[in-house]
Amino acid sequence: MPVISTSVVRTTALSAAGAAVAGIGYASLVERNAFVLRETTMPVLAPGSSSLRILHLSDLHMMPGQKLKQQWLRELDRLEPDLVVNTGDNLSHPKSVPAVVQALSGLLSRPGLFVFGSNDYFAPVPKNPLKYFKKDHRRTYGPPLPWKDLRAAFTERGWLDLTHVRRDLEVAGIRIATAGVDDPHLHRDRYDTIAGAPNPMADLRIGLTHSPEPRVLDRFAGDGYDLVLAGHTHGGQLCLPGYGALVTNCGIDRSRVKGPSQWGEHTQLHVSAGIGTSPWAPYRFCCRPEATLLTLVAAPPKRPGTDTGQDVSTSAAAAH
């Protein structure tokens, strides 16, 4: 058996350590601030409908001094979206509300919808990263955050709070029925408060939730929503080439950790990989921070004989 010299072992160990340090440096200093706009087309509108452009924002995790992030967010108003949807976790510090409001100032002048997440209510705290591999790990919460001030700032500018309410609106000539729940990650969702089929006169039905938990997605699908928007996952935040996300931090599978997917027979899901990170885990790898410009277009008409007649809620449960 060949003998491996001590110098070879030392060189290999030093090389591995150097690669690890370089990877952490890249993830925390480069990719975490490499903001990108992702554009996706989703065929969810009725045949013959004109298109609708939705800017989906999530998981800003804003700190007061994050000037680069704030400037990038301000520039998104140039996209002139028809509708802005914010799926929560805007804050990471008690003094972050002014930074969030100023960064979103232009977008707050446009039609908008929002629900909150855990890091709107409570500040993030240090935690063992291995806990993310256990779906039912015990939650730890930091000090309360000024979410009421943030909600007041959003609603005063005209954005609609969808926390356990149903609201109808018209945007770009399209009638939209909307509803949302509070953060399922905190078990604050009370879907029964919005349960039931949305307005049958609507051209589009949208549901909002911060964390895309299957129990909530099943209810939206069962009630006939066309599109559900969520965040929370950070796209996995740490991903491996050829494998993808290591964890989702919720009940959905890794294949749905970011971007569009089908949930059940009739409902489309879009999960944002988010814009920020916890200040206690300030890194991203193979998962750039993002906002998404969704262009909703008319779905192709169904061909005769393609309707299976399967119950939507049954199909949704079978999808995961």
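Among contacts in the protein chain between residues at least 6 apart in sequence, what percentage join residues at least 24 apart? The figure is 75%, where contact means heavy atoms within 4.5 Å.

Before I go on, please keep in mind that this is a predicted model, in which local features need pLDDT of at least 70 and side-chain atom pairs count only at pLDDT 80 or more, while totals for chains, interfaces and linings use all residues. Residues are numbered from 1 along each chain as its sequence is written, and side-chain values use heavy atoms, with hydrogens and water left out.

The protein chain has seven helices and 14 strands, taken as DSSP runs numbered from the N terminus, with at least four residues for helices (H or I) and at least two for strands (E). Buried residues, meaning those under 20% relative accessible area, with exposed over 50% and partly exposed in between (1.4 Å probe, protein chains only), make up 48% of the 320 residues.

Let me turn to the sheet. Six strands form an open sheet in the order E6-E7-E8-E9-E13-E12, with mixed pairing; two strands pair if DSSP finds at least two bridges between them. Strand E6 (166–171) and strand E12 (259–263) stand at the edges with a single partner strand each, so one side of each is left without a neighbour in the sheet. E12 pairs with strand E13 (residues 267–271) in the antiparallel sense over five bridges, and proline 260 has histidine 270 in E13 as its bridge partner. Helix H6 (residues 214–223) lies across E7, E8, E9, E12 and E13, and runs at about 65 degrees to E12, the axes being lines fitted to C-alpha atoms, for helices over the stretch in contact, with angles from 0 to 180 degrees between N-to-C directions.

Which residues link this helix to the loop between E7 and E8? Aspartate 189 is buried, at 13%, whereas arginine 215 is partly exposed, at 38%. The other pair is arginine 219 and aspartate 192, with a salt bridge at 2.9 Å, N to O, and here the parts tied together are 27 residues apart in sequence. Aspartate 192 counts as exposed, at 62% relative accessibility.

Conventions. Salt bridge = Lys/Arg side-chain N within 4 Å of Asp/Glu carboxyl O.
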